[in-house]
Amino acid sequence: MKTFKTLVAASILASTPAAVFADPVVYGKANLTVQSSDDGVDTTTEIKSNASRLGVKGSQKLDGGLEMIYKYEMQVDVSDESKELNLTSRNQYIGIRGSFGEVLIGRNDTALKQSQGKFDLFSDLEGDVKHLWKGENRMSDSITYKTPKINNFQVGVSYILDEENDDSATSLSVAYGDSALKKGKFYAAVAIDNEVKGYDATRVTFATKLDEVVIGAMFQSQENVETGEDKDGYLINAQYKVGKYNFKGQYQTLEDDNGFTFGVDRKLAKSSKIFAFYTTYNFDMAEDESYFAVGLEQKF
């Protein structure tokens with residue numbers, strides 16, 4: 001297995017300077033579903049690859065207590081019929097970490113997107129928050145800065161260059177606690193986008209853990225910079241673990257549009273699970289949609 005991972009790491013980053021490859025870690029995820037999709041007009045049955053990925057990450061100790069960090073991650077569509085290499089870019093950056101925090105340069109999720117942490121219970125699936133809301137952006141030509149945690153508070157800033165229009169956009173977040181709720185019972189964040197992909201947005205996130213139940217709420221306001229059209233929405237969710245099963249539900253709105261997803265995961269091993277979900281969307285100005293899927297996920 002180590003030989004295989006070494007070969008994969010070398011093939012993915014063959015064009016990158018060898019000095020970056022200090023202690024590389026190869027990781028990935030395969031997530032596949034057999035899915036029935038109804039877009040309000042047609043019903044189809046398909047196999048979907050839900051943001052399956054392959055990446056290399058690592059770090060290099062430097063003088064003065066500093067550390068060079070890097071990540072090179074690609075999305076792999078393992079269900080695509082194309083015979084070509086089905087790869088698209090995900091987070092890819094290099095940066096410096098130290099007592100001041102960390103600075104990353106390259107392609108990265110914005111501060112607003114990162115502010116939700118592990119909140120979205122159906123991330124990368126049909127119930128993902130991105131299907132109704134703006135702000136789930138991964139931006140190239142970006143510089144990201146995160147402060148160290150101080151009394152559980154952390155500030156994040158994304159500065160995004162727009163070379164074609166000689167312009168820039170910014171994303172800012174302030175978060176409290178641990179988004180995975182492993183080190184505390186509360187997580188909260190406020191984030192703001194300024195002209196990111198043509199939108200201004202404000203997002204407030206809150207989550208808490210009560211024994212085996214995790215509940216959360218999120219509010220978002222977004223405005224199209226060009227047209228001035230603004231919309232508000234909210235999201236509530238909950239998950240409840242019983243043994244190896246995790247039952248979860250999520251309801252999201254944006255003005256008169258709304259979506260609901262219910263699902264259940266069943267752990268097969270530490271990094272393996274089988275899962276199922278049902279998602280339905282009710283749109284004010286479009287046909288309603290619904291999705292039902294059963295899938296497998298393997299992380300490594």
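Which residues does Asn50 touch, not counting residues up to four places away in sequence? In this predicted model, local features need pLDDT of at least 70 and side-chain atom pairs count only at pLDDT 80 or more, while totals for chains, interfaces and linings use all residues. Residues are numbered from 1 along each chain as its sequence is written, and side-chain values use heavy atoms, with hydrogens and water left out.

Asn50 touches Asn31, Leu32, Thr33, Asp124 and Leu125, a contact being heavy atoms within 4.5 Å. Asn50 sits in the loop between β2 (43-49) and β3 (53-61); strands are DSSP runs of E, at least two residues, numbered from the N terminus. With a relative accessible area of 5%, Asn50 is buried (buried is under 20%, exposed over 50%, partly exposed in between; 1.4 Å probe, protein chains only). Its side chain makes a polar contact with that of Asn31 at 2.9 Å (a pair of N or O atoms within 3.5 Å, one able to donate a hydrogen and the other to accept it; residues adjacent in sequence count only if both atoms are side-chain atoms).

Leaving aside neighbours within four places in sequence, the contacts of Trp133 include Met218, Phe219, Leu235 and Leu254.

Terms used: Helix = DSSP H or I, 4+ residues; strand = E, 2+ residues; numbered from the N terminus.
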